[in-house]
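Let me put the thing up on the screen and we'll walk through it together.

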Amino acid sequence: MSEKKIAEKMKDVAKYIYSSIIKKQSPTLESPLRSLSNVDYSEEKGYFELQGKMKQRTLTANTVKTFAQTLMMMNESKKIIETDDIATKREMYYISKNWGEARFKEQPESDSIMDDVEAMLMVNREQLGFIPEEKGGDVAGELIVIDKDPDTGKQIKIDCTKFGSGAYSVPSSVEHLGFQTDAKFILAIETAGMFQRLVKHKYWKKANCILISMGGVPTRACRRFIRRLADDQKLPVYVFTDGDPYGYGSIYRTLKVGSGNAAHINKFFCVPQAKFIGITPQDILDYKLPTHPLKDVDRKKIKDVLKNDPFVKHHKEWQKALKQLATLGKRAEQQALAKHGLNFVISDYLPKKLSDSKTWLP
Amino acid sequence: MSEEITKAHQMAAKQKEISIAEFFSKNRHLLGFDNPKKALLTTIKEAVDNSLDACEEARILPEISVEVIDMGSSRFKVIIEDNGPGIIKSQISKIFAKLLYGSKFHRLKMSRGQQGIGISASVMYGQLTTGRPAKITSKISPKHPAHYMELQIDTKTNKPNILKEQQVEWNKDHGTRVEIDLEASYSKGSQSIDAYLKQTAIVNPHCTIIYTNPKAEQIIFPRATDVLPDEPKEIKPHPYGVELGYLINMLALTEARTLQSFLTSDFSRVSANTAKEICQKAGILPNFKPSEVNRDQAERLIKAINSVKIMNPPTDCVTPIGSDSLERGMKKEIKAEFYATTTRPPSVYRGNPFIVEAGVAYGGDQPGDKTVRLLRYANRVPLQYQQSACAITQALTQINFRGYGLSQSRNSLPVGPATIVVHLASVWVPFTSESKEAIAHYPEIIKEIKLAVQGCGRQLASYVKKKQRLHNELKKRSYIEKYIPFISTALKDLIALSPQQAEEVESDLKSLLEEKRGKLKSIAAENTEYDETFAKIGSDAEAELYADSEDGDEQ
């Protein structure tokens, strides 16, 4: 959607509100309900698709503040777009400090209104001119990223093999990037610690791959980066997380099919080709990994995911794996592989896992 | 045989009878003369209480003048004058200059004074501290002359000492005037004479009090109603309330010739059958002569009485202030938003009928962060000391006030913008001591106090809830006012509205959002009775009020 179109869309909303008020009717704003209960999953589409449930907010004494804040933020977004600028989510929160009584007290309030505007207009917040602070993840390996110099607009080529013990950092907006690579696959890793180990021993060179550290639940930019790279270069994506409900239900699931909260934009922010290689519950047994007992939150997460997550409900394998984990009553971290030697992960675990697709999870 | 002087003999020489007067002169705190400030209050209190009792008994609308004159060097002259029935000449000296002389001790009737110690104790206190006699003038009718006397108490014999006696001209149909000089100190606050007179006026709307304070300022508490409270009926004691000593006394003094007739005629609610049952259980013949009942038999009688079921005493002998009068009195004094009063049906403790009344005044100018103001009354007399020792206070600490919109920590009085009034009316108010400042802790009384205050509390709770709703509503409305301008500003920018259009948006929005909410109703009580000058009296030294609250008594 072009920026002009977005500005038009905002004007339409404003016009509707104006005409309602003049007619002495309470305007009602509608946005899709952003939650797991309002998404559907099918393997063909490959992502969480938004269903028809709408959240309605009618202007009343109780909603007058949110209404005012929503309109003020739309107004701010329009100004940002028109001047071809950007604002971080934090900056938006500070802009609101000029709004007197309507200002946000904490950034989460501002973020939540931003999410509302985003969903109402069915756009992604970068299109509204708002960018997150969080960085998109770290990249190392056989990859050249093609970016532009912010001042000159001249093309720059960034060689991701040339960061030594460091890494290339995914920017918050990735739509303009181009890629060149001979790598065979992408390996997305949950923890920075494991990423460091693989970079240090140049695993990317041994396996001819691109390593990406997600640092927990992948950000939108990280998901988009992996998606674009995988689509563009036709690369398979393998995911390597801790063997716990959070690694499965939050990190992997969000990367692959998106989230309930961002349901309106999952289409772009998902990596349907991702496969889960480990650590699976079966790995815990096969590799006799040292474990920790499942915490109450873990058990709750398993129950919740089995009951409510359309992705897990779709895949029998995942249900089996989660139940297996629950029965084991244990969880294992990526680093637990160090039990068999610090480089066991490089020498044995990854090669073995990558070569045996039967040990993967969908 | 030569008489041996033993130690016991020597000691016997020093042992002699102590007169009541002598005893009390050394134990003045028992009567409320602990310190100069309290002595002034007690003196005025006793005189005013007596005047009100006398007027009501004689069915006269009371008009009492109280004058306090500062004579310097911590001496004060107190003059109390009423329009009561007066006192016949032969009684004057005994009433004012003989301790334990009075009409109230030997009967059971709801009245302010009970023991007959009060006013003569003031006379004695004045005499002890200034050496001056009390000066009494009394006149019983226009046809009779007024008598003037100067009196002192012979503290050794508890007999009046008449220093001067003469007939005087007094331009008054009837009444009594008492003048006592005493060592005292005058201050303001909750335990002051100002507060006493005001609180008295609240629960006695039928009397007029003209008060001249030591600064020679005159304050009039005007009569609010011409209706005298119903004359309380005198009742005979109920058997359940009689103790051994009292019973022995009654047996000795009775005119009845048989035990059965003594029981039926000298007590209330004892039928011939009940009397026979008592006699039978005590193992004494019903026709036994009462004067010949010995201590042992009397004790058996008491036991028998308590094992026999006897109907509760009649309760028409207790007259409450009444919810309406109490509310009117409170409205005069307290500027609040809400008033609730309750009068409980009569109840009985140890054979004594009593009625509890309570009132709550909430909100207004009262401070919300302090303990509530508690006004305690017994038979229409304000109780200003020993709050913590009183059954009323104890009962209140057992009530959960949080449900009524006040805050409260465990086992203490509630905190909040409220005044709580509790009145106990009874033929015999059980005080914890002779100074009559705290009610004794009978479970029956505590229960009734709780029920009365809880009755008011429930009304208060519904008011507080309404107020909370109103508050929320107002908050929402202010919300509307606050955020509407932002909507119009944003719209104005987004779709380039003209200033007029933006204004239209604002006014349309206002009517759109507010119309749906309906009109606001004011729920606070309208108070036409409130009189600012009246209310100020006694509360002009708030700081002092909280500073000295309890401890006066212990000094």
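This is a predicted model: local features need pLDDT of at least 70, side-chain atom pairs count only at pLDDT 80 or more; totals for chains, interfaces and linings use all residues.

As for labels, residues are numbered from 1 along each chain as its sequence is written, while chains are lettered from A and ligands numbered from 1 in the order in which they are written.

So, what does Ile449(B) contact once you leave aside its neighbours within four places in sequence? You get Val356(B), Ala391(B), Ile392(B), Ala395(B) and Val422(B).

That residue also shows up in the largest nonpolar core. By core I mean a set of buried Ala, Val, Leu, Ile, Met, Phe, Trp, Tyr and Cys residues joined through C-beta atoms within 7 Å. Buried means 20 or more other C-beta atoms lie within 10 Å of a residue's own; 12 or fewer is exposed, in between is partly exposed, and again the C-betas are placed from the backbone. This core has 104 residues, and Ile44(B) and Ile449(B) touch the most other members. Helix H3 of chain B, residues 36-57, gives the most to it, nine residues. There's a second, separate core of 75 residues, including Val239(A) and Phe276(A).

Over to chain A. Helices here are DSSP runs of H or I, at least four residues, and strands are runs of E, at least two, numbered from the N terminus. Chain A has 13 helices and 17 strands, and 43% of its 362 residues count as buried.

How do the chains meet? 24 residues of chain A are in contact with 20 of chain B. On the chain A side, H2(A) gives the most, with nine residues. That side splits into 15 nonpolar, three polar and six charged; nonpolar is Ala, Val, Leu, Ile, Met, Phe, Trp, Tyr, Cys and Pro, charged is Asp, Glu, Lys and Arg, and the others, Gly among them, are polar.

Last stop, some strands in chain B. Strands pair if DSSP finds at least two bridges between them. E3(B), residues 134-139, runs antiparallel to E4(B), residues 146-154, with five bridges, and the two form a hairpin with six residues between them. Thr137(B) has Tyr148(B) as its bridge partner in E4(B). Five bridges also join E3(B) to E6(B), residues 175-183, again antiparallel, with Ile136(B) opposite Val178(B).

Conventions:
Two residues are in contact if their C-beta atoms, placed from the backbone, lie within 7 Å.
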